Amino acid sequence: MKKLILVAAAFAALPFAAQARPAPARCVVDSAGEAPYSGPCRFLSEGKGSFDLEPAGRRVFSGDVTGVSVSMTGPGTAEVSGLTRSGVESRWGPAHRSRRDPACWKGEDFRICVYR
């Protein structure tokens, strides 16, 4: 019984990766055909430069977009998608990091900026 307790205690002491918590930020989400959003958001790092955004204090950025994901595909390049109220993930397309403003990612018909 003592061995079982010691094993359980040792297992409980192992370090586990903590669930990342969203950090407050200011976002600009400008997608074709929608009114641009500029205001508070929650930034969640997904590691290796990838991140997710959701509007803070509101339900949507604009239209029915409730979240945006920027997934790194290479140095200075990413694939961007949006999540709608109905749970549909829509592919926005590839984006490149802006040289003029490194907080921004520009695609063919959208721009995402995150200021932390």
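**Note on the predicted barrel model**

1. Trp105 sits in strand S7, which covers residues 104-107. The model is a predicted one. With a relative accessible area of 3%, Trp105 is buried, because the cut-off for that class is under 20%. Beyond its neighbours within four places in sequence, Trp105 is in contact with Phe51, Val70, Met72, Gly76, Thr77, Ala78, Ala95, His96, Arg97, Phe110, Arg111 and Ile112.

2. A barrel is closed by 8 strands, taken in the order S1-S2-S3-S4-S5-S6-S7-S8, with antiparallel pairing. On average, neighbouring strands of this sheet are turned by 30° against each other, direction ignored. Strands of a sheet pair through backbone hydrogen bonds, in either a parallel or an antiparallel sense.

3. Which strand do 6 bridges join to strand S1? The partner is strand S8 (residues 110-115), which runs antiparallel to S1 (residues 23-31). Within this pairing, Val29 has Ile112 in S8 as its bridge partner.

4. The largest nonpolar core holds 20 residues, and Leu53, Phe61, Val68 and Ile112 have the most contacts inside it. Two or more residues of this core come from each of S1, S2 (37-47), S3 (50-55), S4 (65-74), S5, S6 (89-97) and S8. In soluble globular proteins, nonpolar side chains tend to be buried together.

5. Val68 deserves a separate entry. Not counting residues up to four places away in sequence, Val68 touches Val29, Phe51, Asp52, Leu53, Phe61, Val80, Ser81, Gly82, Trp92 and Ile112.

6. Ser81 belongs to strand S5 (residues 77-84). Is Ser81 buried or exposed? Its relative accessible area is 11%, so Ser81 is buried, given a limit of under 20% for that class. The side chains of Ser81 and Glu89 form a polar contact of 2.9 Å. Neighbours within four places in sequence aside, Ser81 is in contact with Gly67, Val68, Ser69, Glu89, Ser90, Arg91 and Trp92.

7. A search of the whole structure gives 2 disulfides. One of them links Cys27 to Cys41, with an S to S distance of 1.8 Å. The torsion about this S-S bond is about 65°, so the Cys27 to Cys41 disulfide is right-handed. Cys27 lies in strand S1 and Cys41 in strand S2, so the bond ties together parts that are 14 residues apart in sequence. Cys27 is buried at a relative accessible area of 0%, and Cys41 is buried at 2%.

8. A disulfide also joins Cys104 to Cys113, with 2.0 Å from S to S. Its torsion is about 105°, so the disulfide of Cys104 and Cys113 is right-handed. Both Cys104 and Cys113 are buried. With bonded cysteines counted along the chain, the disulfides follow the pattern 1-2, 3-4.

Conventions:
Residues numbered from 1 in each chain as written. Predicted model: local features only at pLDDT ≥ 70, side-chain atom pairs only at ≥ 80, totals over all residues. Heavy atoms only, no water. Helix = DSSP H or I, 4+ residues; strand = E, 2+ residues; numbered from the N terminus. Buried < 20%, exposed > 50% of the residue type's maximum accessible area, 1.4 Å probe, protein only. Polar contact = N/O pair within 3.5 Å; in protein donor to acceptor, adjacent residues only side chain to side chain. Contact = heavy atoms within 4.5 Å. Pairing = 2+ DSSP bridges. Axes fitted to C-alpha atoms, helices over the stretch in contact; angles between N-to-C directions. Core = buried A, V, L, I, M, F, W, Y, C linked by side-chain atoms within 4.5 Å. Disulfide = S-S within 2.5 Å.
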